Each structure stands twice: as structure tokens, then as C-alpha cells.
Amino acid sequence: MAYRYDHDLEFLRSVPNESLNDLVDLFKKEASLTEGLSMNDEYKRYYPNHHMYIERIMEEIQLFGGNSFANLFRRNQGVLYREILCDVCDKMKVNYSSNVDVKQIEQDLLIKILNDHLKTLNARELEEFLKELDLVDKTKTAISYTPQTASAIVQAAIKAGGFKSYIIILKTVNMIWKFLFGKGLPILANATIARIIGIYTGPVGWAITGAWTAVDLASPAYRVTIPMCLLMAKLRIESQQNN
């Protein structure tokens, strides 16, 4: 067995089976020439019951995150998730500390994506952006927001945790997924959340979509690892909300 115990991946054991679909599909579709999951006997026997081969999924994350040549010297073992996440953050030029919890690094990645294009919105769009995320009082007289003040409000909401943080992360990852793959992510059985995600098409959507025009996704590795880390952020906070 090539899977290396990884504290930052173990939460996937408690993620609902249907929430693992996109992770499995990501490897099959975007890494079709290099992935080994679909060739595994456990996968063939139990798919789509992902929990029956969850260690194969975690192994695939580690193997794909590692350089193939380097994996030979690791006896076909990949790298820990933290290393993969840090590599993605370096690629995206995220300001982060490699010593903090991976949840914080994932949040720093998401904040970077939002911040990169907040500066492209004018004052009216910034106000709409904050209202769409329900971060300002919609009944108050309009305030002339700047990208810096909008960024501070968004960061404070994400770092505070709770339901608002969950919704912001969920919306952000969903919009990125829709931009990259043409469809949004499945939302767990919650009509209110599904409705909120469904209307996520205004300034928030513009900012997130714009963030990807400057990212080189031609590399097969980053075509998988960047969305994989974003999906992990979504699954992690979703798991914590449900526990």
C-alpha cells in the first residue's frame, strides 16, 4: 500500500460518499493519462461506493501531487497534502505561512483569488459584491467601498469561521469549478444553500472568473492540483459544518 498516513487527508473518511464524486472525476477526466485510480482492483469492484476504496483516493492525491520521477525514489509513495497545497500557493503567488494549519493555508489561497480581482471592480460593483455575500447591511445608505476595505471585510468574515465563512468558501469554489469545468459542484441536501449558490452570478462571479485569466493551467499537473486544493477546502469546511 502506497498511501502515507496524512493527518490532513484523513477527514475524507467521514465525507459523504456523494461529495467525493467530483474528486474522483477530477482524476479520471483531467489526469486520464497519468492517474492510476481507475485501474485499481478496489475501484473496479466498489465504484461508485468511494468509501470502500478511500485510501486509494487519498493515495492518488499524494501520488499525483508528487513528481513522478521523485516518486520512484519514494518507493512509489507520493507527497503529503500540505506539500501539494504549498506548491499550489507558490504557483498562485499566495502570501502564506507553511507552518500554520492547512485549513488556514486553504483559506489564504481562496482569499488571494478573491483579492486579485477585487481591485478590478468599481465602488458600485464592490458594494454589490459585499451585498451578494451578505457582508454589509443592505438597508444602509451606500458607502463608497475601496478594494482594500472590501478585502478587509471578506477576510474578516472568512477568518471568523461559522456559517458565513462556509457560504463564502462554498460560493467561491463553486464558481471556480463552473468556470473550469462547465458545471458547479453538488450541494448537500440543503435548499437554502442551494438557492444561495444558484444566484451566485453577479460581481462575485465576475471577480472569481477573472482571477483565472492570468493563471497558466496548461500544465497537466496544475490543471489537477489547483482545483483539487480548492475542492479540498470546500470538503474540509463542509465536513466541519456537518460535525
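At what angle do the axes of helix H7 and H8 cross?

Guide: This is a predicted model. Start with the pair you asked about. Helix H7 covers residues 123-132, and its axis crosses that of H8 at roughly 10°. The two axes come within 10 Å. On the H7 side, the contact is made by Leu126, Phe129 and Leu130. On the H8 side, Pro147, Ala150, Ile153 and Val154 take part. By class, this contact has seven nonpolar residues, no polar ones and no charged ones.

Now turn to the other partner of H8. Helix H6 spans residues 102-118, and helix H8 spans residues 147-160. Their axes also come within 10 Å, but here they cross at roughly 160°. H6 and H8 are therefore roughly antiparallel to each other, since the angle is over 145 degrees. The crossing of H6 past H8 is right-handed. H6 brings Gln104, Gln107, Asp108, Ile111, Leu114, Asn115 and Leu118 to the contact. H8 answers with Pro147, Ala150, Ser151, Val154, Gln155, Ile158 and Lys159. Look at Pro147, Ala150 and Val154 in particular. These H8 residues take part in the contact with H6, and they also take part in the contact with H7.

H6 has a further partner in H5. Helix H5 runs over residues 81-91 and packs on H6 at an angle of about 20°. Their axes are 10 Å apart. H5 and H6 are therefore roughly parallel to each other. This crossing is left-handed. From H5 come Tyr81, Arg82, Leu85, Cys86, Val88 and Cys89. They meet Val102, Ile105, Glu106 and Leu109 in H6. The tally is eight nonpolar, no polar and two charged.

Between H5 and H6 there is a loop, and lysine 93 lies in it. Check the backbone at this point. Lysine 93 is not a glycine, yet its phi is positive, at about 60°. Most residues other than glycine have a negative phi.

The structure holds one cavity of 30 Å³ or more. The largest cavity contains about 50 Å³ of space. Its lining is made of Lys103, Glu106, Gln107, Leu110, Ile169, Ala233, Arg236, Ile237 and Gln240. Two elements give two or more residues to that lining: H6 and helix H12 (220-242). By class, the lining has four nonpolar, two polar and three charged residues. Two H6 residues on the list have turned up already. Glu106 lines the cavity and also takes part in the contact with H5. Gln107 lines the cavity too, and belongs to the contact with H8.

The peptide bond from tyrosine 47 to proline 48 is cis, with omega near 10°. Proline 48 is in the loop between helix H2 (41-46) and helix H3 (54-65).

To recap the packing: H6 is roughly antiparallel to H8, while H5 is roughly parallel to H6.

Notes: Residues are numbered from 1 along each chain as its sequence is written. This is a predicted model: local features need pLDDT of at least 70, side-chain atom pairs count only at pLDDT 80 or more; totals for chains, interfaces and linings use all residues. Side-chain values use heavy atoms; hydrogens and water are left out. Axes are lines fitted to C-alpha atoms, for helices over the stretch in contact, and angles run from 0 to 180 degrees between N-to-C directions. Helices (H or I, at least four residues) and strands (E, at least two) are DSSP runs, numbered from the N terminus. Angles under 35 degrees count as roughly parallel, over 145 as roughly antiparallel, 65 to 115 as roughly perpendicular and the rest as oblique. A crossing is left-handed if the near helix is turned anticlockwise from the far one by less than a right angle, and right-handed if clockwise. Contact means heavy atoms within 4.5 Å. Ala, Val, Leu, Ile, Met, Phe, Trp, Tyr, Cys and Pro count as nonpolar, Asp, Glu, Lys and Arg as charged, and the others, Gly among them, as polar. On a 1 Å grid over the protein atoms alone, a cavity is a set of points where a 1.4 Å probe fits but cannot get out, and a pocket is an open set with protein on both sides within 12 Å along at least five of seven lines; lining residues have an atom within 4 Å of a point. Grid points are joined across faces, edges and corners, and a volume is the space filled by probe spheres set on the points.
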